[in-house]
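Here is a protein model to explore together. Have a look at it, and then we will ask where some of its labels come from.

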Amino acid sequence: MTTVTGTDVAQAARLLEQGAVVAIPTETVYGLAADAFNEEAVLTIFTVKQRPAFDPLIVHVRDRAQLDRVAVVPPQAEVLIDRFWPGPLTLVLPKRPAVPDLVTSGLDTVAVRMPAHTMTRALLDAVDTPLAAPSANPFGYVSPTTAGHVQDQLGGRIPYILDGGACAVGVESTILGWQQERWVLFRPGGAPVEAIEAVVGPLHVAADSARPQAPGMLESHYAPRKPVHVGDVDSLLRRFAGRAVGVISFRTEHAAHRCEVLSPEGDLAVAARHLFAVLRELDASDCQVIVAERFPEEGLGRAMNDRLRRAAARR
Ligand code: TXA
Ligand code: MG
């Protein structure tokens with residue numbers, strides 16, 4: 001199959017209506033989308049991604065009407081929807097029977113979000129159906145933040161990549177679930193926990209487990225192929241002296257085989273925008289080891305630390 005990359009929203013919509021899967025930009029990361037109500041199309045997502053069927057998908061909606069078609073919205077969700085949608089926040093809510101079990105892996109809940117990316121919003125207008133979409137990477141690998149990343153890994157397996165440029169947020173959405181009358185943080189992400197807590201109070205944090213509530217919680221997720229070590233860069237450089245080390249640094253240069261500085265000004269949002277691209281670059285380079293600095297545990301630093309910790313847990 002030839003994979004075409006382009007900016008033709010109508011073409012992407014036609015393919016989705018025919019039951020194909022199409023890569024789409026969002027403000028967080030690129031997604032691999034299908035009509036959420038077309039089971040066969042959704043099955044293709046799992047095949048293309050080599051994603052296990054126990055890992056449910058996020059449904060992307062255009063508006064309130066589409067949300068109400070897929071989920072039962074508890075009153076407590078209204079304030080989050082008002083404040084954070086469209087944007088990088090996913091809510092896990094009781095599902096409507098019309099949502100295929102394949103989308104939710106048989107759970108009685110569905111993960112929903114309203115993306116902010118203009119092109120994807122235009123696409124949702126054109127197809128007039130919610131789109132089920134996981135991140136557009138092979139299962140377990142780093143999420144793509146450019147159309148080129150998608151082409152590198154899924155080229156030849158999907159017909160079309162809708163190119164919306166580099167993702168503005170750069171890490172996946174924050175996932176919250178409403179359970180036992182409280183909000184539970186399943187995955188830190190693009191919507192900072194502090195901003196959410198300012199609206200709904202302290203979040204309960206889901207513990208990792210063998211069959212996680214959000215399988216993105218699997219320890220060995222978001223991982224490049226090369227070994228990743230996270231911590232204090234200078235001590236890690238001493239530990240790997242004599243090896244070709246690729247450093248991912250927040251704001252300062254380090255003397256190493258390669259060093260990528262994410263934000264010299266020390267802006268966590270800028271760093272998040274570049275993190276996955278840099279991880280890919282170092283993974284593809286001649287570095288033997290990737291060493292990443294631990295970020296301040298605040299704002300988007302929390303999501304970055306989470307992804308790096310999982311990448312490091314691979315081995
Ligand atoms: O920013 C994002 O969230 C991106 C863009 C494309 O929207 N999507 C994304 O999807 O990161 P994915 O599939 O890579 O991660 C979605 C996570 C998975 O870890 C999945 O387990 C969790 O959402 N999830 C989906 N449905 C769920 C449910 N009903 N209960 C708990 N977790 C769920
Ligand atoms: Mg993913």
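This is a predicted model: local features need pLDDT of at least 70, side-chain atom pairs count only at pLDDT 80 or more; totals for chains, interfaces and linings use all residues.

Residues are numbered from 1 along each chain as its sequence is written, and side-chain values use heavy atoms, with hydrogens and water left out.

Q: Why is Glu172 called buried?
A: Glu172 has a relative accessible area of 3%. Buried means under 20%, exposed over 50% and partly exposed in between, using a 1.4 Å probe and protein chains only. So Glu172 counts as buried.

Q: What makes a polar contact between the side chains of Glu172 and Ser143?
A: A polar contact is a pair of N or O atoms within 3.5 Å; within protein, one must be able to donate a hydrogen and the other to accept it, and residues adjacent in sequence count only if both atoms are side-chain atoms. For Glu172 and Ser143 the value is 2.5 Å. The side chain of Glu172 also makes a polar contact with that of Arg307, at 2.7 Å.

Q: Why is α1 called oblique to α6?
A: The axes of α1 (residues 9-17) and α6 (residues 118-127) cross at roughly 50 degrees. Angles under 35 degrees count as roughly parallel, over 145 as roughly antiparallel, 65 to 115 as roughly perpendicular and the rest as oblique. Therefore α1 is oblique to α6.

Definitions and conventions. Chains are lettered from A and ligands numbered from 1 in the order in which they are written. Axes are lines fitted to C-alpha atoms, for helices over the stretch in contact, and angles run from 0 to 180 degrees between N-to-C directions. Helices (H or I, at least four residues) and strands (E, at least two) are DSSP runs, numbered from the N terminus.
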